[in-house]
Amino acid sequence: MKQTAAQIVREYGPFPGVDGVHGVTWDGRRVWFASGEKLNAIDPETGGAIDSLDAEAYAGTAYDGRHLFQIADSLIHRIDPLTGKVLASIPAPSGGSGLAWAEGSLWVGQFQGRRIHQVDPETGAVLRTIESNRFVTGVTWVDGDLWHGTWEAEESDLRRIDPATGEVLERLEMPAGVGVSGLESDGADRFFCGGGNSGRVRVVRRPARG
């Protein structure tokens with residue numbers, strides 16, 4: 001297993017009126033983050049606020065190219081990013097934390113359950129489950145790799161895992177006291193990481209494979 005220190009290259013926030021950052025996603029232009037009662041969009045180049053939507057947003061957030069998805073307690077809502085309207089809802093695995101969209105499915109981190117579930121976005125049915133040995137926070141896919149955040153005992157890291165077995169292939173260790181509450185890739189070399197009650201979003205460089 002490859003293990004290195006996470007390279008934090010930028011921080012956004014703290015933001016006015018935001019007590020905590022939960023889920024994080026990327027729509028190709030904006031970074032969205034969940035902050036309890038709102039979904040907020042920021043410009044990743046300036047860090048400035050662009051938009052906000054009223055939503056129950058205390059956990060994972062994802063984007064499928066058209067819609068936002070937001071864990072809201074026992075449900076996952078499909079949300080119109082232009083209006084904030086909830087278009088549909090499916091059951092969420094209990095204790096859902098992270099959320100990602102990939103391969104036509106939703107991927108749901110289960111925090112204290114230490115699992116990642118592949119979920120049918122139309123029905124909420126769990127298609128398969130990947131076990132972890134740490135509390136799971138954010139989840140993301142990039143270039144065919146599955147990554148997830150952990151946060152346990154005041155320690156956090158980003159992990160690249162084998163999606164078939166759950167084996168940890170690579171770890172990026174966050175500095176002491178810096179937590180990861182949400183995780184999303186921009187499809188290139190940036191991970192956007194929710195910073196929990198710090199009220200910040202941090203950018204971690206994705207290392208090259210090899």
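1. Trp-101 is partly exposed, with a relative accessible area of 29%; buried means under 20%, exposed over 50%, and partly exposed in between, with a 1.4 Å probe and protein chains only. This is a predicted model, in which local features need pLDDT of at least 70 and side-chain atom pairs count only at pLDDT 80 or more, while totals for chains, interfaces and linings use all residues. Residues are numbered from 1 along each chain as its sequence is written, and side-chain values use heavy atoms, with hydrogens and water left out.

2. Trp-101 belongs to strand β11 (residues 96-102). Strands (E, at least two residues) are DSSP runs, numbered from the N terminus. Leaving aside residues up to four places away in sequence, Trp-101 touches Ala-62, Tyr-63, Asp-64, Phe-69, Leu-106, Trp-107 and Pro-121; contact means heavy atoms within 4.5 Å. Trp-101 and Val-119 are separated by 18 residues in sequence and by 9.7 Å in space, C-alpha to C-alpha.

3. Is Thr-140 buried or exposed? Thr-140 is buried, with a relative accessible area of 0%. Thr-140 is part of strand β15 (residues 136-142). Its contacts, not counting residues up to four places away in sequence, are Ala-100, Asp-145, Leu-146, Trp-147, Leu-183, Glu-184, Ser-185 and Phe-191. For one of these, Ser-185, the backbone nitrogen lies 3.1 Å from a polar atom of the Thr-140 side chain.

4. The next point concerns a sheet. Strands of a sheet pair through backbone hydrogen bonds, either parallel or antiparallel. Here, four strands form an open sheet in the order β3-β4-β5-β6, with antiparallel pairing. Its edge strands are β3 (24-26) and β6 (49-57), each of which pairs on one side only. From one strand to the next, the twist averages 20°; axes are lines fitted to C-alpha atoms, and angles run from 0 to 180 degrees between N-to-C directions.

5. Within this sheet, β4 (residues 31-34) and β5 (residues 36-42) pair in the antiparallel sense over four bridges; two strands pair if DSSP finds at least two bridges between them. Ala-34 has Leu-39 in β5 as its bridge partner.

6. Which residue in β10 stands opposite Ile-76? That residue is Ile-90. Strands β9 (residues 75-79) and β10 (residues 86-91) pair in the antiparallel sense over five bridges. They form a hairpin with six residues between them, and Gly-84 in the turn has a positive phi of about 80°.

Technical notes: A polar contact is a pair of N or O atoms within 3.5 Å; within protein, one must be able to donate a hydrogen and the other to accept it, and residues adjacent in sequence count only if both atoms are side-chain atoms.
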